[in-house]
Amino acid sequence: MSARPHWTGILLAAGRGRRFAAHDGGDKLLQALADGRSVAQTSAANLQAVMPHTLTVLRADHFLLQQQFSALGYPSVLCEQADLGMSASLICALQHSADSAGWIIALADMPWVQPDSIAAVLAALRAGADIARPVCAGRYGNPVGFSRTHLERLLALQGDSGARDLFRSFPVHEVEVDDTGILHDIDVPADLLATPLR
């Protein structure tokens, strides 16, 4: 008897964060939060708390983040084509987890997403949704979830538009959460000080 397919978390951490760096902020994913963990570490920990099978996608030249994730035991995929856009990073992870039942796709610059919100998206997928995304106060957020029904479509994505066309073309299960963290990413240094209210 074969094992049931598992669900995989994908943390996209291969971007260059040029807007943040342009404000003399350095590398946003390595910035320390109040508890001393980096932005990327916190995002990864929140995802792995719900998704034991989690892959982090990194640029091949981001050695510091590779070391950080390796020390924490987070499996990583190095994406040589990361500069082609977010879709290239996602495709790298999908190719390494094509046997999954589906995926929760999270962004490494969103450290305030609560594990309960991730769990709610996963529950919607397990209940039969092919696409699920969280909603807070009427606004869509991240992470988003897909069943393997959409694998071929996800593998065909290009650039930084992500899966927007899939959201427009297929039914989407909206998961109501009380978590403003799903709405807040870090683009500029000031965002590090704007911890979302709970």
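The points below describe selected local features of this predicted model.

1. Basis of the note. In this predicted model, local features need pLDDT of at least 70, side-chain atom pairs count only at pLDDT 80 or more, and totals for chains, interfaces and linings use all residues. Residues are numbered from 1 along each chain as its sequence is written, and side-chain values use heavy atoms, with hydrogens and water left out.

2. Pro 143. A cis peptide bond, with omega about 10 degrees, links Asn 142 to Pro 143. Pro 143 lies in the loop between β6 (139–140) and β7 (144–147). Strands (E, at least two residues) and helices (H or I, at least four) are DSSP runs, numbered from the N terminus.

3. Ala 137. This residue sits in the loop between β5 (131–136) and β6. Although Ala 137 is not glycine, its phi is positive, near 55 degrees. Ala 137 counts as exposed because its relative accessibility is 73%; exposed means over 50% relative accessible area, buried under 20%, and partly exposed in between (1.4 Å probe, protein chains only).

4. His 150. The loop between β7 and α6 (151–155) holds His 150. His 150 is buried, at 3% relative accessible area. Beyond neighbours within four places in sequence, His 150 is in contact (heavy atoms within 4.5 Å) with Asp 130, Ile 131 and Phe 170.

5. Nonpolar core. A nonpolar core is a set of buried Ala, Val, Leu, Ile, Met, Phe, Trp, Tyr and Cys residues joined through side-chain atoms within 4.5 Å. The largest has 62 residues, and Phe 69 and Phe 146 are among those with the most contacts inside it. Not counting residues up to four places away in sequence, Phe 69 touches residues including Leu 11, Ala 40, Leu 58 and Tyr 74.
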